[in-house]
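The account begins with charged side chains and then turns to helix packing and individual positions.

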Amino acid sequence: MTKTWQPEHFWFGGDYNPEQWPREIWDEDVVLMQRAGVTVATVAVFAWGRIEVTEGNFDFEWLDDLMNLLHANGIQVDLATATASPPMWMTQNYPDILPQTYDGVTLSQGSRQHYSPSSPTYKKFAARLVRKMVERYRNHPALVAWHINNELGCHIAKCYNEDSAHAFRVWLEAKYGTVEKLNRAWNTAFWSQNYNSFSQVQPPRQTPTLINPTHALDFDRFSADALLSVYRAEVEIVRELSPNVPVTTNFMGFFKHADYWAWAKEVDFVSDDSYPDPADPLHAAQTAATRDLMRSLGGGANWVMMEQAPNAVNWRVHNAAKPAGMNRLYSMQAVARGAAGVMYFQWRQSKAGAERFHSGMIPHAGTETRVFREVEALGNELKEMPAVLDSRNAAKVAIVFDWHSWWALEQGQSDQEFTNGNTKQSYLGEMMTYYRAFFDRNILVDFVAPDGDLSNYQIVVAPNLYITTESTQKNLDAFVRAGGQLLVGFQSGILDENGHVYLGGYLGGSTNNGAKAGTLQETLGILIEEFTPIAKGAFDSGPLPKFSIEGEFNGKAKVWAEVLHPTTANVEAKFVDGPSAGHPAVTSNVHGKGKAWYVATRPSKAVAGQLVEALAIAAGVSGLLSEPIANVEVVARGENVFVMNHNSHAIKLPADFAAKHKLAETVEAYTAAVGNSLA
């Protein structure tokens, strides 16, 4: 899927909440916005209580004034539907809208997102507000986009109240049709869980012990769809009344509880909220991965970084400040990886309220500050880069990313502590093991859905593809047969879409005559006998033990090991120690015109690097720098070349590379340099 949205200029600005400030501040704000190069302001995100003061009593005069003021000063408006925080009168008069946790606790007002996504009452009032908003402002000259709700699911990803229970039953009946099919899919013969009607099904609330895993997986799917239904209900009204204005809603990077492959089909352009921790030594690669995900969700089209912090946030245990230059660095990282907008939360740092210490474009200390000077410089720099908007990234590597596998792999009673019957798993951790290896070599990566088009790629990596449908396996098999290099990580091909185990060696299963055609068993040329991880347990307070592997790839690995048997594959490395000693750790299988690799453990950084090097050499893929520089990111967007130095010290670029791309040889600490090989 490729989006076609193309803005006329870079979006630069952020959430603007003037309802929190006296009217005289507004005139000062628009002057400062012009000075800072602001082109777009996101308005009314949390303004429901200011717009609908009491039930049915709407006050739009202040918002009319604001919209007119922004337009008069050349600032466009990304207008929110204002549905993110129901007002006090609603929760007092209609407490049924309040969400409930899995252990039966009803959450109260006093924060935000205090509603059940399945509440008919909430949706009724939200629809009325959206209709009035769109009818009033659909032809306003400042309007450039509709901003639907806000960070859907950020705080209430799952609700377990009676409205949700009813909606879950309706969802299940639509999916399965009959209760007999549900019983088969959930294998309810286990522990005497057979249902006689859909009315007997409850959400997976607190139980004495482990819950039915397919029940839990379907509730994850339902909950994601329930959030999407909130979005769709609002968009239906917007598209009816304002069909020519694009719509979006702000995604949240690798957010576990929403399958953004499904959501991306519903927006006119992808937007994202990004808050990396400056104190995290791995944040450069992690933010790069989120940028690549957003670009990939839109099929390579322009996307918008809808929120970031110009300095520190207020909600971590330790709220590290961004060093000088880092705000521009991460903004340019987004632009380099396909963004057409750099926005913030928020314009003016709040004087009071829960986020009063979350940084703003204008900090508490005012405009004569480092933060505002950096914001002002960046906004005016983006004005000089319009040609970048017409350029695109081109990746030859893809990582398969699957929310259903993420839900199933980390399944448990708690989203913080999860087990898979053997040892702790991390879906993002396994993905990032390989992503970082490409990132360190400046090799651009796209993300693809399990059944996505792989024809434009030369390397595909599928880490922890725990749930693997027949169609996905055939998709991967066809990629290898056509000449691609495929790497599959451990705990892939274990379950079908119902969460049932593939028998006969996992990886899609086998028959008495061997691997089924088109399964991962056939593609990889192996079968798995058993899992043999060594878990960090009650008697081991240290880190997870590491395994040694040797052969073509030598080094350390951790988390996981297996006993696997090659059928047609070559053994590239073996486990040296642990319960799988002597068994293959890495295999490769020539299959058609390509090769399929399997890694039965999580490789260390060094071994992951060796594997990626082998894949890149075989596929003829390389980064822009022949010799990568540590913590230096180099990305091409069309003919534009971006160099981002994430180090706390200056670095020197190779003279020939700098000259070719019209770059200075020295790139200072926390600095992004932009060049153009056609300049």
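Helices, at least four residues long, and strands, at least two, are taken as DSSP runs and numbered from the N terminus. Helix H12 covers residues 370-382, and within this helix Arg370 and Glu374 are four residues apart, so about one helical turn separates them. The model under discussion is predicted.

## Salt bridges

Under the criterion of a side-chain nitrogen of Lys or Arg within 4 Å of a carboxyl oxygen of Asp or Glu, the count comes to 29 salt bridges.

| Salt bridge | N to O distance |
|---|---|
| Glu633 and Arg337 | 2.7 Å |
| Arg602 and Glu430 | 3.1 Å |
| Arg370 and Glu374 | 3.3 Å |

The bridge between Arg602 and Glu430, at 3.1 Å, connects strand E25 (residues 602-603), which holds Arg602, with helix H14 (residues 427-440), which holds Glu430; the pair therefore ties together parts that are 172 residues apart in sequence. Both Arg602 and Glu430 are buried. Elsewhere, salt bridges with shared partners link Asp292, Arg295, Arg337, Asp446 and Glu633 into one network.

Glu633 has a relative accessible area of 0% and is buried. Arg337 counts as buried as well, at 4% relative accessibility.

Arg370 is partly exposed, with a relative accessible area of 30%, while Glu374 counts as buried at 17% relative accessibility. The cut-off that places Glu374 in the buried class is 20% relative accessible area.

## Packing against helix H8

Two packed helices are described by the angle between their axes and the distance between the axes. How do the axes of H5 and H8 cross, and within what distance do they come? The axes of helix H5 (residues 120-137) and helix H8 (residues 213-241) come within 9 Å and cross at roughly 30°. Because angles under 35 degrees count as roughly parallel, H5 is roughly parallel to H8. The crossing of H5 past H8 is right-handed.

On the H5 side, the contact is made by Tyr122, Lys123, Ala127, Val130, Arg131, Val134 and Glu135, which meet Ser229, Val230, Glu234, Ile237, Val238, Glu240 and Leu241 of H8. Sorted by class, the residues of this H5 and H8 contact are eight nonpolar, one polar and five charged.

Helix H6 (residues 162-176) also packs with H8: their axes come within 10 Å and cross at roughly 105°. H6 and H8 are therefore roughly perpendicular to each other. In this contact, Ser164, Ala167, Phe168, Trp171, Leu172, Lys175 and Tyr176 of H6 meet His215, Asp218, Phe219, Arg221, Phe222 and Asp225 of H8. The contact of H6 with H8 comprises seven nonpolar, two polar and four charged residues.

## Individual positions

Thr42 lies in strand E2 (residues 40-43) and is buried, with a relative accessible area of 0%. Beyond its neighbours within four places in sequence, Thr42 is in contact with Gly14, Asp15, Tyr16, Asp78, His147, Met306 and Met343.

Lys383 is found in the loop between H12 and strand E12 (397-400). Lys383 is partly exposed, at a relative accessible area of 46%. When residues up to four places away in sequence are left out, Lys383 touches Gln34 and Gly37. Although Lys383 and Trp11 are 372 residues apart along the chain, their C-alpha atoms are separated by 9.6 Å.

Asn631 occupies the loop between helix H17 (605-619) and E26, and counts as partly exposed at 44% relative accessibility. Its contacts, apart from residues up to four places away in sequence, are Met644, Asn645, His646 and Asn647. Asn631 and Tyr16 are 615 residues apart in sequence, with a C-alpha to C-alpha distance of 34 Å.

Definitions and conventions. Residues numbered from 1 in each chain as written. Predicted model: local features only at pLDDT ≥ 70, side-chain atom pairs only at ≥ 80, totals over all residues. Heavy atoms only, no water. Axes fitted to C-alpha atoms, helices over the stretch in contact; angles between N-to-C directions. Parallel < 35°, antiparallel > 145°, perpendicular 65-115°, else oblique. Left-handed = near helix turned anticlockwise from the far one by under 90°. Contact = heavy atoms within 4.5 Å. Nonpolar A, V, L, I, M, F, W, Y, C, P; charged D, E, K, R; others polar. Buried < 20%, exposed > 50% of the residue type's maximum accessible area, 1.4 Å probe, protein only.
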